[in-house]
Amino acid sequence: MAVNIQDLHPDILTCALRRLDGPSLAAVGCTSSLLRSLSSDPSIWRDLCLSSWPSLGNPQLLSFFPTSQYQSLFSSIFPFPCHSTQSQSSKPLSLTRNLISAVDLHHRGNLIFSKVMEVDTSSSWFLGSPFGVGALEGQSSQLVSLIGEISLSELSLSWILIDPESKKAVNISSRRPVAIYRHWYTGETLVRYGMVIRDLLISVVVTCGEDCGQVKEISMTVEDEDGIGVCGKESLEMLMEAMEGTRIWKSNGEEELEASRRYDEFIKRRRSRKESKARKECLVDLCCTGVSAVVFVSIFMLVAFK
């Protein structure tokens, strides 16, 4: 005898729903009214958020988000923000006075680092200086040791920015590395995660020791196409627009590939701008040299035939 899913006890269905990831859970909720009702259980989405991003379990953040808001919070954090982000609100964009960062670093699904930080963004020093946040700055005692052999390409990182005033959030990390390379001077290995928004690069770099057995620093900066650090005010405006902007859901893995492709295109544009600038400077140097030579020859001939 065939058994319809409607005949199963709700507790059995709820137990099965708790084993799904976020996109699958959202998709299942579109199949029937019963599953939509069960998949909308706030406790399921709360447990899903806390298991995906353990830093959200920090007591400081638990007070910001009641259980009923975790489904919308997941919808804000999991999908990447659009490349050309614009605020959906017609009101003037107001800058937050504080910005909370929730950072989680995993290796093959195992959590190796989690931290919550709050930055005062209202000071004139922050607004006028190059934007930058460090998760391990000045805390050498909290170096993260990676036990055993690791694959740097399998390090996954999420950096969630939260506006405590509007309760909006956005994930500005590409989750998977977009570049891995060794520093030419220190010998340290740099694992870079990148997100391109509004022709600006949000760069998160995990610095590992020479033997790749220690995470020494995790930092986030914002750069323009010339590789120059963007000031705090412009960076904050871009991040606030990303929080307010739309999200595009894509199938598993496509978002990471899209983020990597945007990063590669950004780096190509940066190299092209540098080469173009170098050619222009070379042309100016040649013109100046030519003019100087003409002036010198003219003066020499003037003096010689006087």
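Trainee: How does L95 count: buried, partly exposed or exposed?
Mentor: Buried means under 20% relative accessible area, exposed over 50%, and partly exposed in between (1.4 Å probe, protein chains only). L95 has 28% relative accessibility, so it counts as partly exposed.

Trainee: What kind of model is this?
Mentor: Residues are numbered from 1 along each chain as its sequence is written, and side-chain values use heavy atoms, with hydrogens and water left out. Local features need pLDDT of at least 70, side-chain atom pairs count only at pLDDT 80 or more, and totals for chains, interfaces and linings use all residues; the model is predicted.

Trainee: Which residues does L95 contact, leaving aside its neighbours within four places in sequence?
Mentor: Contact means heavy atoms within 4.5 Å. L95 lies in the loop between α6 and β1 (98-107). Sequence puts L95 and K233 138 residues apart, yet their C-alpha atoms are 8.4 Å apart. The contacts are K233, L236, E237 and M240.

Trainee: How many bridges join β1 to β2?
Mentor: Strands are DSSP runs (E, at least two residues), and helices are runs of H or I, at least four residues, numbered from the N terminus. Two strands pair if DSSP finds at least two bridges between them. β1 and β2 (110-120) run antiparallel, with N98 opposite D120 and L105 opposite F113. The number of bridges is 10.

Trainee: Which residue in the turn of that hairpin has a positive phi?
Mentor: Two residues separate β1 and β2 in the hairpin. The phi is about 55 degrees, and the residue is R108.

Trainee: Which strands stand at the edges of the open sheet?
Mentor: Four strands pair antiparallel in the order β2-β1-β5-β6. An edge strand has a single partner, so one side is left without a neighbour in the sheet. The edges are β2 and β6 (168-171).

Trainee: What angle does the direction of α6 make with that of β6?
Mentor: Axes are lines fitted to C-alpha atoms, for helices over the stretch in contact, and angles run from 0 to 180 degrees between N-to-C directions. α6 packs on the sheet and touches β5 (155-163) and β6. The angle is about 40 degrees.

Trainee: Which residues of α4 (42-52) are buried?
Mentor: Their cover includes α1 (10-17), α2 (22-28), α3 (33-39), α5 (59-62) and α6 (70-77). The buried ones are I44, W45, L48, C49 and L50.

Trainee: Is V303 buried or exposed?
Mentor: V303 is found in helix α9 (254-304). Its relative accessible area is 59%, so V303 is exposed.
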